[in-house]
Amino acid sequence: MYQVKTIDKFELSDFAHDLLQISDTDAPNALLVRSSQVDDALINDQLLAITRAGIGTNTINVTACTENGTVVLNTPGANANAVKELIIQALFRCVRPIDRAIATVKDLTAEPGADLQVLAEATRKEFIGRELYGKTIGILGLGAIGQRVAEASYHLGMQVLGYNRSPKNLPHVVQLPTIEEVMSLADFVVVMLPLTEETTGLINRERLQQLKPDAYLLNFGRGEIVNNQDLLEALANGELAGYVSDFPASDLQNQPGVTLLPHIGGNTEEALTFSTDMALQNLLNFLENGSVRTSVNFPRVDLPFDTPHRITLFYKDRANLWLDFVQLLTDQGLTVKEMTSNAKNGYSYALINTDLSVLSQAEIANLRQLLQDHGDIIRFRFLTNPSMNPEL
């Protein structure tokens with residue numbers, strides 16, 4: 001039984017599984033988190049996995065997790081539709097003064113017998129907006145959300161420009177080689193990039209100067225991607241029409257031309273349910289059979305679990321190390337039935353199907369010690385096939 005600690009609120013009233021137990025322990029085997037900060041003190045020998053219900057992992061010390069052999073799983077695409085719909089709504093709010101119009105009608109007072117609609121229509125000249133049809137949208141980051149925004153924008157009659165580090169096969173998007181080109185041509189620029197060392201402060205003074213004076217910048221990637229002081233200076237100089245961000249910051253609060261949302265991009269009942277289900281499934285797959293499908297620090301590795309046991313290895317990658325492992329297992333009298341591995345950022349993860357029941361308890365203990373003493377192995381696990389349930 002694995003102990004799972006939840007950070008943030010999760011609806012788990014219907015969840016029941018004989019492998020996982022939701023617990024408030026200070027030494028969990030796994031963490032389930034949305035967007036709150038994960039305390040580094042939780043990243044210890046007991047912690048096998050952190051599962052993020054969402055995609056961004058900037059609140060998790062991924063480097064420390066990797067060094068600890070803790071997998072960081074996420075759920076890309078789980079909230080893509082929810083964020084897309086919020087972005088489309090934000091686009092409409094940029095071109096139509098909907099909030100002011102609603103407030104005006106709310107404050108109107110019609111005398112007895114007077115027609116409220118007549119009074120309201122008399123104010124229409126104050127709320128002349130623009131249409132999205134025919135305008136150009138530039139999307140920085142063409143992942144799951146960016147692609148959905150691109151498709152929706154295309155069907156609204158917009159010209160869609162895009163930038164992605166690796167070009168995508170998207171029929172409705174004109175992909176340009178630089179961020180600057182996208183920003184200089186678009187009426188609306190939507191930031192959908194992940195937060196990395198390279199993207200922190202990416203939208204700075206120089207890039208903001210590429211915008212049209214009547215263009216809007218919408219940030220639904222991460223707040224730190226935009227340099228706030230450079231943004232405020234650009235707004236004060238009339239270098240863009242406005243800024244919408246789903247990541248509030250004190251220095252932007254109540255500033256002219258700035259609209260802040262309380263990080264509600266994926267905050268729909270459907271997205272929260274889907275991301276929770278996906279996060280739990282990813283966690284179950286990893287804990288039960290070692291499979292990794294969506295992780296930011298482990299490579300993608302999957303293999304049918306059709307033997308009584310499985311050994312998982314997470315290790316620093318170097319030439320011929322895989323052969324060393326095979327030889328080590330063979331020397332202990334184990335037959336490797338099937339194996340696979342993959343590498344990512346200087347680390348490798350391997351799944352090895354075998355049958356540990358051919359070894360005595362003393363021999364299994366000896367094998368554990370050999371793997372533990374191996375200088376390149378960061379973490380290993382011995383798994384029992386739940387469908388066979390053989391004794392270890």
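**Salt bridges across the predicted model.** A search of the whole structure finds nine salt bridges, each defined as a side-chain nitrogen of Lys or Arg within 4 Å of a carboxyl oxygen of Asp or Glu. The model is predicted, so local features need pLDDT of at least 70 and side-chain atom pairs count only at pLDDT 80 or more, while totals for chains, interfaces and linings use all residues. Residues are numbered from 1 along each chain as its sequence is written, and side-chain values use heavy atoms, with hydrogens and water left out.

**Close-up of aspartate 99 and arginine 93.** These two side chains meet in a salt bridge at 2.2 Å, N to O. Aspartate 99 is partly exposed at 41% relative accessible area, and arginine 93 is likewise partly exposed at 34% (buried means under 20%, exposed over 50%, partly exposed in between, with a 1.4 Å probe and protein chains only).

**Close-up of arginine 207 and glutamate 180.** The side chains form a salt bridge at 2.9 Å, N to O. Because arginine 207 lies in helix H7 (residues 205-208) and glutamate 180 in helix H6 (residues 179-185), the pair ties together parts that are 27 residues apart in sequence; helices are DSSP runs of H or I with at least four residues, numbered from the N terminus. Glutamate 180 counts as partly exposed, with 27% relative accessibility.

**Close-up of arginine 318 and aspartate 324.** In this salt bridge the closest N and O atoms are 3.7 Å apart. Arginine 318 is partly exposed at 40% relative accessible area, and aspartate 324 is partly exposed at 37%.

Terms used
Helices (H or I, at least four residues) and strands (E, at least two) are DSSP runs, numbered from the N terminus.
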